[in-house]
Amino acid sequence: MTVMDAALRESLKTLRLSGMLETLDARLLLAHGGELGHLGFLQVLCQDEITRRETVAFQRRLQRAKFEQQVTLEEFDFTASSKLPAAQIRDLGALRWLHAGESVILFGPVGVGKTHIAEALGHLAVRQGAHVRFAKTSRILADLAGGHADRTWEKRIRELVRPDVLILDDFAMRQLSAAQADDLYELVSERQGRSLIITSNRAPSDWYPLFPNPVVAESLLDRLINTSHQVIMNGPSYRPNKRPRTSTAAAAKAD
C-alpha cells in the first residue's frame with residue numbers, strides 16, 4: 001500500500017464512506033488495468049457507497065417492521081386454491097394504495113394465507129423505502145392499555161401513528177372493551193391518510209357488534225371500511241402446503 005493509498009483510506013474512514021472503502025482495492029485494480037478512467041473510477045466508488053447505504057437502510061427498516069416471518073409476494077402459492085383472488089392481490093403489489101394513503105383489508109377463514117399476504121405487501125413497501133410496523137391487534141391494544149397505566153399512552157400511540165404502513169393482524173377476534181374500542185378509534189383517527197393493512201377472520205360487516213358503543217363503531221368502521229381495498233380470501237387452509245414433509249411421509253412416498 002502506498003502512502004497515498006493509506007491517506008485515501010483514512011480520508012474515507014473519516015468521511016464514513018465505508019462502501020467505497022470496502023471496494024477500493026477492486027476498483028483500483030480496474031483503474032490500474034485501464035478499465036476505468038478517472039471519472040469512471042470516481043463514479044463506481046460513489047455507486048458502491050450509495051448501494052451500501054441503501055442496503056443498510058433497507059435492513060434497518062426490515063428490522064423495525066417486526067415481521068413474524070420474512071415472506072414475499074413472489075413466494076406465495078396462488079395455485080393453492082382457485083378461490084383466491086390472485087389478480088386482485090397481485091394488483092395490490094403495485095402499492096398504488098400506499099401512495100394514495102389508502103388501506104387494505106384481508107379477510108377470510110383461518111389458514112388461507114392472510115398474514116402471509118399482509119407481511120408480503122409490507123415487505124414490498126419496505127423495499128420501496130416505506131416504514132412499516134407489524135403487530136397482532138391484541139398486542140397493540142395491550143400496549144396501549146399499558147400506556148394508560150403508566151401515563152405513556154401519548155408516546156405509545158405516536159409510535160404507532162408514525163409508520164407509513166401499520167399492519168394489524170388478527171383484527172376483530174373478540175368482543176372489545178370500551179377502553180379498547182376508544183383506543184382503536186384514536187389510533188385509526190390519528191392515522192388518517194396513512195395506510196393500514198388489516199387481517200381478520202370476520203367480514204368487515206361483522207365487526208360492528210364487537211364494539212360496545214354503536215356510535216364509536218359507526219364512526220370508526222364506516223370511515224375505515226369505505227376507504228379500504230377489501231380482499232375476500234377463501235379456500236382450503238394454506239398452512240399444510242407450508243409444512244415440511246415428515247420423514248414418515250417422505251418414506252411412504254418413496255415406497
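User: Is threonine 72 buried or exposed?

Analyst: Buried means under 20% relative accessible area, exposed over 50%, and partly exposed in between, with a 1.4 Å probe and protein chains only. Threonine 72 has a relative accessible area of 14% and is therefore buried. The model is predicted: local features need pLDDT of at least 70, side-chain atom pairs count only at pLDDT 80 or more, and totals for chains, interfaces and linings use all residues. Residues are numbered from 1 along each chain as its sequence is written, and side-chain values use heavy atoms, with hydrogens and water left out.

User: Which residues does threonine 72 touch?

Analyst: Contact means heavy atoms within 4.5 Å. Leaving aside residues up to four places away in sequence, threonine 72 touches His116, Ala120, His123 and Arg127. Threonine 72 sits in the loop between α3 (38-65) and α4 (86-92); helices (H or I, at least four residues) and strands (E, at least two) are DSSP runs, numbered from the N terminus.

User: How many bridges join strand β3 and strand β4?

Analyst: Strand β3 (residues 165-169) and strand β4 (residues 195-200) pair in the parallel sense over four bridges. As an example, leucine 166 has leucine 196 in β4 as its bridge partner.

User: What is a salt bridge, and how many does the whole structure hold?

Analyst: Side chains of opposite charge can pair when their charged atoms come close. A salt bridge is a side-chain nitrogen of Lys or Arg within 4 Å of a carboxyl oxygen of Asp or Glu. A search of the whole structure finds 12 salt bridges. One of them joins glutamate 68 and lysine 136, whose closest N and O atoms are 3.9 Å apart. Glutamate 68 lies in the loop between α3 and α4 and lysine 136 in strand β2, so this pair ties together parts that are 68 residues apart in sequence.

User: Are these two partners buried or partly exposed?

Analyst: Glutamate 68 counts as partly exposed because its relative accessibility is 43%. Lysine 136, with a relative accessible area of 17%, is buried.

Notes
Two strands pair if DSSP finds at least two bridges between them.
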